[in-house]
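Colleague: Hi! I'm new to this one. Could you walk me through it?

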Amino acid sequence: MELRQLRYFVAVVEEANFTRAAARLHLAQPGVSAQIRQLERELGHRLLDRSGREVTPTEVGRALLPYARAALAAVEGARRTAEEFTGLLRGQVTLGLVSGAAIHEFDVVSVLADFHDAHPQVEISLTEDSSERMLAALRGGELDMALLGVGAEEPPPGICLHIMIDEPLVAVMAPDDPLLVPADRTDVPLAELAERPLISLPRGTGVRGVLDRACAEAGFRPRIAFEAAAPEVLVRLAARGLGVAVLPGLSDAEAAASGLRSLEITEPRSRGRIALAWRTDGPPTPAARALLDRLREKLTPAASTGAA
């Protein structure tokens, strides 16, 4: 029995087709078929049922499949460990990014570019999505790490967090808004926004989760007039007088640059937080661990929390 035979067997099972498996392996289809037939002869059992439109594993094949995958994973782990000791990183790293995480004081693009320059053999896959979906993808192993919005104070089960941004939620509005009376006002109780059209990040983002929970605590359901994934769009909508935008940590100077005013939301005070998240059992590969370490170095301000 050879490792390549196990690799071919797993590929055929996953593709349910010899031709597609051969294309995935960059091999000729007859060669793949011949190696699997040889594996079947050596084991003394037929592993694949070729009688239908799709190739399916036999009962013996289904029993063998987890062992074949474990053997291939063990070999891959040994190879990656050896490369780690020689300083050569290879492989693929998947990173999730929530809209707005690449702004403020953290330049995600530059960090990724510098990491790629240092480790050109590592392929980085970057995807943008809502915080809720990325959290599910982390748990399911589809992402190695993610920059996402965090609503609760405690990290979700099985997830470690490294806080990147932790800022108060503010209400942003046009300078003639009645909420700005008296003129020296610096905050606004959340209840005063109950009847106002609000401009917010969409459901599934950390900030929106914080807003919805705070409104529920205050006894009302927010009137969301507009949703947008990019904070810059929220600011532009507020500047046109279409509602009050709810954002994390927009300073008076930043608001004034867009012709707006900002008031910190109180009663309850709420915070918008963006964190680097990964599973508590750690990134699965040396490349992923190296990128995680590089990202953690660049996060400011930062604090780490974990889940058992």
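Modeller: Happy to! By class, the second largest pocket is lined by 6 nonpolar, 7 polar and 6 charged residues. Keep in mind that this is a predicted model.

Colleague: Which residues lie nearest the centre of that pocket?

Modeller: Those are Ser131, Glu132, Gly149, Gly151 and Gly206, out of 19 lining residues. Helix 6 (131-139), strand 5 (145-150) and helix 7 (206-218) are the elements that each give two or more residues to the lining.

Colleague: And which element gives the largest share of the lining?

Modeller: Helix 7 does, with 5 residues.

Colleague: What volume does the second largest pocket have?

Modeller: About 290 Å³.

Colleague: Changing topic: at what angle do helix 2 and helix 3 cross?

Modeller: Roughly 105°, and the axes of helix 2 (residues 18-25) and helix 3 (residues 29-43) come within 8 Å. Helix 2 is therefore roughly perpendicular to helix 3.

Colleague: Which residues make the contact?

Modeller: Helix 2 brings Phe18, Thr19, Ala22 and Leu25, while helix 3 brings Gln29, Val32, Ser33 and Ile36. By class, that contact has 5 nonpolar and 3 polar residues, with no charged ones.

Colleague: Good to know. What is the mean pLDDT of the chain?

Modeller: The mean is 85, and 91% of the residues reach 70 or more.

Colleague: Where does pLDDT stay under 50?

Modeller: Over residues 301-308, for which the model has 25 contacts beyond four places in sequence. Where pLDDT is low, the predicted coordinates should not be read in detail.

How values were computed
Residues numbered from 1 in each chain as written. Predicted model: local features only at pLDDT ≥ 70, side-chain atom pairs only at ≥ 80, totals over all residues. Heavy atoms only, no water. 1 Å grid on protein atoms, 1.4 Å probe; cavity = no way out; pocket = protein on both sides within 12 Å on 5 of 7 lines; lining within 4 Å. Points joined across faces, edges and corners; volume = space filled by probe spheres on them. Helix = DSSP H or I, 4+ residues; strand = E, 2+ residues; numbered from the N terminus. Nonpolar A, V, L, I, M, F, W, Y, C, P; charged D, E, K, R; others polar. Axes fitted to C-alpha atoms, helices over the stretch in contact; angles between N-to-C directions. Parallel < 35°, antiparallel > 145°, perpendicular 65-115°, else oblique. Contact = heavy atoms within 4.5 Å. pLDDT = per-residue confidence, 0-100.
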